[in-house]
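The following is a tutorial dialogue on how to read a protein model.

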Amino acid sequence: MSDASVPAALRRRRDYAGPALFSYGFRPFFLGGAVWAALAILLWLPQYFGELTLPTALGPLDWHVHEMIFGYVSAVIAGFLLTAIPNWTGRLPVNGYTLAALAGLWVAGRIAIFSSAVIGEDLAAVVDIAFLTVLAAAATREITAGKNWRNLRVLVMLLVLIAGNIVFHLEVIWRGSANYGARIGVAAVVALIMLIGGRIVPSFTRNWLVRMNPGRLPQPFGRFDAFALAAGIAALVAWIALPQHAVTGVLALVAGALQSVRLARWAGDRTFADRLVLILHVAYAFVPLGFLFLGAAILWPADFPTSAALHAWTAGAFGLMTLAVMTRASLGHTGRDLVASIPTQLIYLAALVAVLARIAAAFAPSVLLLHLAGFAWVAAFAGFAAAYGPLLLRHPPAWANAGS
């Protein structure tokens, strides 16, 4: 293939000669996000049990919530966007010194929050908020320059996530703890999963079924999906504003039912032979489950704890979906076959054990269940770092770039 026939983005990727880690957006952010996801829980468990105090201005629970949503999840979102946007627009990927600086800004945010009792919450907030703000600016520039107007919807959710981070810090500074900011952050990520997951889950499922298991295929995006998405966003907005109101509970139950039907329309029951596809459906299942738990917790608080809903979303939908995306993208973009190896399947299993144990602990508080959930989560994300780190830290073989 001559240079003239090779797209500019591919030439830049092929000709990049710096460290492999900074050759493409998914590499530093998937690896860094996974390491932080594991380390943050290792730091959280002793905090929860009163055995450790960190030099942070945030309370233990606020630190845990912030670093899960605005730390680890934000890193994975960055890796996804910086990898997807060149495919959406055909423009050059962000790599080299620019990517290293952006990754460094994310690391600086983690250090700033960790040491905010020393450097001050105001400075820590500025450093932390800067990462998502710069990411949004870069993504907006690339999407608008590429005239890829359809994906501006993703940026709207990213801006909501930034707003949640700002509100979170303002609440901590003014009130000592965060409520609205945490809910905005959770809602933004749930909405992103409904939006992006609603595209990639049926798409990857359809591609695999056409090749390997002909028959019933996922339903294409239509009016029902749009209605289900709107109902989910309405329920999330109501939860942010009126978290205990009966109307919010009803909206959440309706959203959960609609998202359940939406998931059932994607033919996930026909994907058991391919764990890379199946895990996408399992991960998305925790979106409607979170809505259903939330509605039940609002309407019948004596029987349903709110933490079950929150962890169905955060440990379940966030944890499993990020692992599903990270494993699939890491394999595909390093020239490996899209096959879930035994280590990959063990990663998925550990993450599933983590969320099920954490939801169970919400209904029946238990030190054993909390430790099981925590250590299973650490095993999943540390397992990803161990299994996929070597792929992310070295350049793919020449044939992988040539065939991209």
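The dialogue moves from confidence and overall shape to individual residues.

Q: What is the mean pLDDT of the protein?
A: pLDDT is the predictor's confidence in each residue, from 0 to 100. The protein is a predicted model in which local features need pLDDT of at least 70 and side-chain atom pairs count only at pLDDT 80 or more, while totals for chains, interfaces and linings use all residues. Residues are numbered from 1 along each chain as its sequence is written, and side-chain values use heavy atoms, with hydrogens and water left out. The mean pLDDT here is 93, and 94% of the residues reach 70 or more.

Q: How does one read the radius of gyration of the protein?
A: The radius is taken over C-alpha atoms, and the globule rule is 2.2 Å times the number of residues to the power 0.38. For 404 residues a compact globule would have a radius near 22 Å, so the 21 Å of the protein agrees with the rule. The C-alpha trace spans about 65 × 55 × 40 Å along its principal axes. Of the contacts with a separation of 6 or more, 78% join residues 24 or more positions apart.

Q: What percentage of the residues in the protein is buried?
A: Buried means under 20% relative accessible area, exposed over 50%, and partly exposed in between (1.4 Å probe, protein chains only). Buried residues make up 55% of the 404 residues.

Q: Is Trp313 buried or exposed?
A: Trp313 is buried, because its relative accessible area is 0%. This residue lies in helix α12 (residues 306-333).

Q: Which residues does Arg358 contact, leaving aside neighbours within four places in sequence?
A: They are His311, Leu370 and Ala373. Arg358 belongs to helix α13 (residues 342-363). Arg358 and Leu370 are 12 residues apart in sequence, and their C-alpha atoms are 6.2 Å apart in space.

Q: Where is Gly197 found, and what does it touch?
A: Gly197 is in helix α8 (residues 180-212). With a relative accessible area of 3%, Gly197 is buried. Not counting residues up to four places away in sequence, Gly197 touches Leu192, Pro202, Trp266 and Tyr284. The C-alpha atoms of Gly197 and Gly185, 12 residues apart along the chain, are separated by 17 Å.

Q: Where does Leu58 lie?
A: Leu58 lies in the loop between α2 (26-48) and α3 (60-89). Leu58 counts as buried because its relative accessibility is 4%. Its partners beyond four places in sequence include Trp63, His66, Ile113 and Phe168. Ile113 is 55 residues from Leu58 along the chain, with 7.9 Å between their C-alpha atoms.

Q: What is the phi of Ala267 near?
A: Phi of Ala267 is near 60°, a positive value in a residue other than glycine. Ala267 is in the loop between α10 (246-264) and α11 (275-299), and counts as buried at 0% relative accessibility.

Note on methods
Contact = heavy atoms within 4.5 Å. Helix = DSSP H or I, 4+ residues; strand = E, 2+ residues; numbered from the N terminus.
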